[in-house]
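Here is a short note for anyone opening this structure for the first time. Keep the view beside you and follow the points in order.

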Amino acid sequence: AQWQEYLSLKYEIEEMRLYSSVAGYVITEFTDLNWECNGLLDFDRAPKAFHSAIPDVLAQDILIPRIAHTALFSGEVANIEVSLSVFSGRYKEIGELVWQLEGEAPQEGRCDVDSASISYGTQMLTTLSIPIPQVSAPTKSTLHLSLLAPNGEMIAHTTQNLVMVPSALRQIGQSKTLYVPHSSDVADALVSVGFTVTTEAIEGAIGLFTQWDSIAQTFVESGGKGLLLVASPEALANENPLNLQVESRDKEGRWGDWCGGKTWLVPSVFSSLPDTRTYDFEYKAIIPDYVLLGAEADKTLAGIYIGWLRAPGAFLVCQSVGAGRLVTTTFTLLSSLGTDPISGLVLADALTLLSK
């Protein structure tokens with residue numbers, strides 16, 4: 001939870017400092033309180049897990065990395081825009097920007113930076129283009145960025161998390177057959193990542209449904225295995241044998257403030273994902289707009305709670321329905337399938353769950 005706080009704190013401060021018109025800000029609280037966990041120190045005024053990283057985001061001069069997608073396939077290029085926010089006035093010249101990528105296939109590099117325009121405020125320094133190396137399994141690595149003065153003195157340091165996924169996993173559907181009775185758009189996305197798609201309920205095929213109707217109910221209750229993707233309240237009728245209801249995250253504060261909510265995943269279920277401890281920016285493409293209510297606790301395998309275990313909601317539920325089995329999820333898995341690695345990995349884990 002403390003590292004989740006740091007990810008949010010880092011992003012929010014960086015986002016404010018991208019704008020030269022923002023000349024200051026206030027952080028509350030200095031320490032945690034009985035009912036608040038957003039302090040820089042904990043309730044006992046002891047350092048939190050991220051204590052050593054605080055200077056990276058609270059210094060007078062900080063680096064600000066921005067990248068469109070933090071999860072990429074091997075062979076792709078991470079294009080990272082790097083800006084500098086300056087308040088100290090200590091440095092009139094910049095020497096170079098040094099970067100180091102940790103992980104299975106470490107890389108490093110450096111580039112000169114034009115410091116002619118360095119002044120108070122924020123300025124764009126450069127765009128780093130870093131090839132994503134081949135990895136043997138989905139991996140989360142840290143990219144370190146260090147800005148040096150001409151004499152080698154450290155001006156600023158920051159980090160950027162990157163998830164790297166083997167390029168072979170782009171075809172996540174190889175050797176799998178899905179029964180898709182409805183949308184052809186859905187079928188096209190699935191075929192593009194290697195699935196065999198049929199409109200007939202053939203033996204061995206897993207059903208993929210975008211709405212719970214008589215077709216889906218008959219398939220699952222008669223012994224089939226199905227995946228129900230819920231993208232709107234209309235996908236799941238108010239009265240259904242699943243005993244699930246769909247509710248917008250706009251209700252009960254389920255979008256969460258920066259330290260007011262916690263999204264969680266059962267690690268053993270999502271074994272393909274390199275990080276289930278924090279809900280980092282690699283999950284951006286699959287963020288749900290809705291939660292599922294009414295699910296039994298032991299059937300809920302991903303979800304969210306607000307504050308002190310308030311307003312819990314499910315993002316993924318696995319349950320028996322008649323003689324069959326169904327996974328129901330509000331994760332947005334198809335819109336970026338094939339281009340976003342996390343979409344494919346979560347879809348694969350959901351299908352694996354059905355085969356157990």
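The numbered points below go from the whole chain to its sheets, a helix, some salt bridges and a few single residues.

1. A word on the source before you start: this is a predicted model. Please read every value below as computed from that model.

2. Begin with the whole chain. Five helices and 18 strands are present, and the C-alpha atoms fill a box of roughly 75 × 45 × 30 Å along the principal axes. Of the 356 residues, 51% are buried.

3. Next, find the open sheet of five strands. Its order is β2-β8-β7-β4-β5, and the pairing is mixed. At the edges sit β2 (71-73) and β5 (107-112), each of which pairs on one side only. From one strand to the next, the twist averages 25°.

4. Within that sheet, have a look at how β4 meets β5. Strand β4 covers residues 96-101, and six bridges join β4 to β5, with the two running antiparallel.

5. Strand β3 spans residues 77-86 and pairs with β6 over 10 bridges in the antiparallel sense. Asparagine 79 has serine 129 as its bridge partner in β6.

6. Now to a helix. Helix α5 takes in residues 341-355, 15 residues in total, and reaches 21 Å from its first C-alpha to its last, close to the 21 Å expected at 1.5 Å a residue. Is α5 mostly covered or mostly uncovered? Mostly covered: 13 of its 15 residues are buried.

7. Salt bridges come next, and the structure holds 14 of them. In one, the side chains of glutamate 14 and lysine 10 meet at 2.7 Å, N to O. Both residues lie in helix α1, four residues apart, which is about one turn of the helix. An α-helix has 3.6 residues a turn, so residues three or four places apart point the same way. Glutamate 14 and lysine 10 are both buried. The two also belong to a network of salt bridges that links Lys10, Glu14, Glu15 and Arg66.

8. A second salt bridge joins the side chains of aspartate 32 and lysine 48, at 2.8 Å, N to O. Each of the two lies in the loop between α1 and α2, so the pair ties together parts that are 16 residues apart in sequence. Both aspartate 32 and lysine 48 are buried.

9. For a link between distant parts of the chain, turn to glutamate 252 and arginine 310. Their side chains meet in a salt bridge at 3.8 Å, N to O. Glutamate 252 is in the loop between β13 and β14 (261-265), arginine 310 is in strand β17, and the two are 58 residues apart. Glutamate 252 counts as partly exposed because its relative accessibility is 46%, and arginine 310 counts as partly exposed at 43%.

10. A few backbone details deserve a check. Threonine 28 and glutamate 29 are joined by a cis peptide bond, with omega about 0°; glutamate 29 is in the loop between α1 (2-17) and α2 (54-58). Which phi does asparagine 243 have? It is positive, about 60°, although asparagine 243 is not a glycine. This residue sits in the loop between β12 (225-229) and β13 (245-248), and is exposed with a relative accessible area of 52%. Alanine 311, also not a glycine, has a positive phi of about 50°. Alanine 311 lies in strand β17 and is buried, with a relative accessible area of 13%.

11. Finish on the surface. Leu33, Trp35 and Trp308 make a nonpolar patch of about 410 Å². Tryptophan 308 is placed in the loop between β16 (300-306) and β17 (310-321). With a relative accessible area of 64%, tryptophan 308 is exposed.

Key:
Residues numbered from 1 in each chain as written. Predicted model: local features only at pLDDT ≥ 70, side-chain atom pairs only at ≥ 80, totals over all residues. Heavy atoms only, no water. Expected span 1.5 Å × (residues − 1). Buried < 20%, exposed > 50% of the residue type's maximum accessible area, 1.4 Å probe, protein only. Patch = residues over 30% accessible without salt bridge, like charges linked within 9 Å, V, L, I, M, F, W, Y side chains within 5 Å. Areas by Shrake-Rupley, 256 points an atom, 1.4 Å probe, with all protein chains shown as cover. Salt bridge = Lys/Arg side-chain N within 4 Å of Asp/Glu carboxyl O. Pairing = 2+ DSSP bridges. Axes fitted to C-alpha atoms, helices over the stretch in contact; angles between N-to-C directions.
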